[in-house]
Amino acid sequence: MYDAGRMVRYSHGSVRPISQAQSQYRIRKAYHGIEKGLSLPNPRYRFGLAKVHNLIAMVNEHIRKYGLDSTAAAASSAVLAYDEVNDTDLADRLYGVHQTRDLRVGGTEVVMPMTFADPATFLKSRRSVRQFTDEPVPRSVIEQAVAIAQNAPSVCNRQGCKVYAFDNPEVLSLQPGNAGFGDTAAWGLIVTSDLKAFSTSGERHQAWCDGGMFAMSLLYGLHALKLGACPLAWTASARRDRSVRKSLGIPDNEVIVMFIAVGAVGDSYVVAKSARKDPRDALVFGHHPGMPVSATRN
């Protein structure tokens with residue numbers, strides 16, 4: 001009931017009027033639909049025309065209320081990209097489009113496949129670290145790790161996740177699973193996900209799905225920057241959750257996904273072996289009886 005009540009109060013599909021943040025999430029969801037369509041192998045000519053008109057109305061309403069911010073600029077770029085492919089001039093109906101015509105922060109882009117010497121080794125080498133040195137970790141390194149994490153996928157590119165970074169590791173004492181090492185960390189991080197990013201009851205779990213992917217990307221970012229990190233589960237009662245968010249200034253519309261202890265590491269350190277189960281126990285191959293057999297099945 002606690003989670004359901006907060007979802008109803010803050011999701012942009014259930015409240016009116018919506019706030020600037022809710023408007024931004026709604027616009028990101030809409031313009032990303034255009035981007036996805038443009039990135040298909042063979043986009044249908046003038047696909048989703050009604051949705052583009054709806055996006056234009058949303059963007060113009062947003063600009064009237066809040067000005068031409070980065071979200072409106074990205075949406076304008078997506079409409080410009082749509083015009084180029086579909087021989088339309090819909091972007092002319094957008095307020096301030098002349099200011100975004102050369103930005104190209106939305107739409108599509110061409111990329112080349114990346115090659116890495118041994119990506120599996122890097123991914124498998126990330127471990128939960130509980131032995132930190134007293135070497136300081138600059139704020140700029142935390143900023144780099146968060147920038148890496150922002151490449152994590154999010155539903156319709158809504159990007160509702162946030163990191164609260166505390167340079168006093170005592171904040172980790174609010175989470176019960178780091179006794180014996182949390183006080184030696186350089187930083188205590190808290191990953192949150194904004195309920196305003198979501199709309200319908202069907203998205204009731206999405207804050208944790210997006211938050212989990214963002215947190216994993218953050219852990220890999222910290223690992224790439226040669227820092228030690230340990231994810232710490234937030235399994236709190238409604239009363240405890242409410243109390244901690246209030247004490248840390250985390251607003252009611254954000255859910256706490258997890259805490260993360262971060263610190264510098266020495267030349268070697270001990271970690272839990274954490275044996276993994278057989279991959280065959282984590283994989284199920286299937287075939288829907290009403291669908292054709294894939295050529296790559298074997």
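Visitor: What is T88 in contact with, leaving aside its neighbours within four places in sequence?
Guide: In this predicted model, T88 is in contact with R46, Y82 and D83. Contact here means heavy atoms within 4.5 Å.

Visitor: How do you know how far apart T88 and R46 are, in sequence and in space?
Guide: Along the sequence, 42 residues separate T88 and R46. From C-alpha to C-alpha, the two are 8.3 Å apart in space.

Visitor: What makes the link between the side chains of T88 and D83 a polar contact?
Guide: The side chains of T88 and D83 are joined at 2.6 Å. A polar contact needs a pair of N or O atoms within 3.5 Å, so a pair at 2.6 Å meets that distance limit.

Visitor: Where does T88 lie?
Guide: T88 sits in the loop between helix 4 (70–86) and helix 5 (97–100).

Visitor: How many helices and strands does the chain have?
Guide: There are nine helices and four strands in the chain. Their order along the sequence is α-α-α-α-α-α-α-β-β-α-β-α-β.

Visitor: What share of the chain counts as buried?
Guide: Of its 298 residues, 43% fall in that class.

Visitor: What share of the contacts with a separation of 6 or more comes from residues 24 or more positions apart?
Guide: Such residues account for 79% of those contacts in the chain.

Notes: Residues numbered from 1 in each chain as written. Predicted model: local features only at pLDDT ≥ 70, side-chain atom pairs only at ≥ 80, totals over all residues. Heavy atoms only, no water. Helix = DSSP H or I, 4+ residues; strand = E, 2+ residues; numbered from the N terminus. Buried < 20%, exposed > 50% of the residue type's maximum accessible area, 1.4 Å probe, protein only. Polar contact = N/O pair within 3.5 Å; in protein donor to acceptor, adjacent residues only side chain to side chain.
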